[in-house]
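Here is my note on the model, point by point. Please read it with the structure open.

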Amino acid sequence: MSKKYLRCVAVGLLFTLCAIPSLNSNAEEMTQPVEVPVQEIPFQDDSVQALTEEQQAELLVQEQLAQVTAEQATRQLVIIGDSRTVGMKSAVGKNANIWSAKVGMGLAWMKNVGVPSVEASINENTDVVILMGVNDVRSLSYTDKYVSYINDKAAAWTALGANVYYVSVNPMAFETKSYPGITNSLIENWNTRMQAGLSENVHYIDTYSTMLGNVSSKDGIHYNKSTYKTIYTLINQGIIMDKLEQKMANLC
């Protein structure tokens, strides 16, 4: 069996192995290798044949997952967002991330203040995470402006060696007159347009699907600490999954 064939099998298994969706565990758990039972078979010269192709592929994925997770721990996150990101920063607590976030802000602030205030920190060891849109979501035409700006910036940042991620606008806990016109249906339309328009330099992280119906909030739009921590974890797992998929694809 060729190494190329083995690697291609591993790429396919990436989307089906139960070990991959279980990334809800912490980083230490993710780096622990999974014991794969080895069936007893007659002695062969090539010891790797003692494992089935599927088992070999599982081991390869586990190995690459551990490597990606370890590498990610050394990288710098630059996080740009609005009031929800302000809340996330408070919930997560002190860390090495670079945060640029302000309550009630949208595209104009991101272009004029949010990005310029952190752009000098973006380099080959940076993952840029953008959590913007909920304050502009009532005007779906704004997605074109967001897409154009983010794509332009992503091209420049990618040229520096950085990775760029746009996180889906997360759901409302409930509709409220305090934030008239913002509905989950509108947010879903926004997310669909953003995902379709973003370039290959921008990796889309869908946290909306997981969080829909699973957010806790007093005002409908801002979350409690537990919810913010969950979203932060999902973002980090999304980054790891994206890089794992790229690594496995490159092996094939």
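This is a predicted model: local features need pLDDT of at least 70, side-chain atom pairs count only at pLDDT 80 or more; totals for chains, interfaces and linings use all residues.

1. Start with helix α3. The buried residues of α3 are Q55, Q56, A57, L60, V61, Q62, Q64, L65, V68, T69 and Q72. Helix α3 has 20 residues. From first C-alpha to last, α3 reaches 28 Å, close to the 28 Å expected at 1.5 Å a residue.

2. Next, the sheet. Five strands make up an open sheet, and their order is β2-β1-β3-β4-β5. The pairing is parallel. At the edges sit β2 (98-101) and β5 (202-205), each of which pairs on one side only. On average, neighbouring strands of this sheet are turned by 20° against each other, direction ignored.

3. Now the strand pairs. Strand β1 (residues 76-81) pairs with β2 in the parallel sense, over four bridges. In that pair, G81 has A101 of β2 as its bridge partner. The chain goes from β1 through helix α4 (residues 83-92) to β2, a right-handed β-α-β crossover. Strands β1 and β3 are joined by six bridges, again in the parallel sense. Here G81 stands opposite L131 in β3.

4. What is the burial state of β3? Six of the six residues of β3 are buried, so this strand is largely enclosed by the rest of the structure. In a regular strand, side chains alternate between the two faces of the sheet. In β3, T126, V128 and I130 point one way, while D127, V129 and L131 point the other way.

5. On to the β3 and β4 pair. Four bridges join β3 (residues 126-131) to β4 (residues 163-167), and the two run parallel. D127 stands opposite N163 in β4. With α6 between the names, β3, α6 and β4 make a right-handed β-α-β unit. Helix α6 (residues 142-159) lies across β3, β4 and β5. The helix runs at about 150° to β4.

6. Look closely at R75. This residue is found in the loop between α3 (53-72) and β1. Which backbone oxygens does the R75 side chain approach? The backbone oxygen of E124 lies 3.2 Å from a polar atom of that side chain. The backbone oxygen of T126 is reached at 2.8 Å. Not counting residues up to four places away in sequence, R75 touches E124, N125, T126, D127, G161, N163 and K243.

7. R84 lies in helix α4. Is R84 buried or exposed? R84 has a relative accessible area of 8%, so it counts as buried. The R84 side chain reaches the backbone oxygen of N170 at 2.8 Å. A polar contact of 3.1 Å also joins the side chains of R84 and Y223. Leaving aside neighbours within four places in sequence, the contacts of R84 include V134, V169, P171, M172, I221, H222 and Y228. R84 and V103 are 19 residues apart in sequence and 7.7 Å apart in space, C-alpha to C-alpha.

Key
Residues are numbered from 1 along each chain as its sequence is written. Side-chain values use heavy atoms; hydrogens and water are left out. Two strands pair if DSSP finds at least two bridges between them. Axes are lines fitted to C-alpha atoms, for helices over the stretch in contact, and angles run from 0 to 180 degrees between N-to-C directions. Contact means heavy atoms within 4.5 Å. A crossover is right-handed if, with the strands pointing away from the viewer, the path from the first strand over the helix to the second runs clockwise. A polar contact is a pair of N or O atoms within 3.5 Å; within protein, one must be able to donate a hydrogen and the other to accept it, and residues adjacent in sequence count only if both atoms are side-chain atoms. The expected span of a helix is 1.5 Å times one less than its number of residues. Buried means under 20% relative accessible area, exposed over 50%, partly exposed in between (1.4 Å probe, protein chains only).
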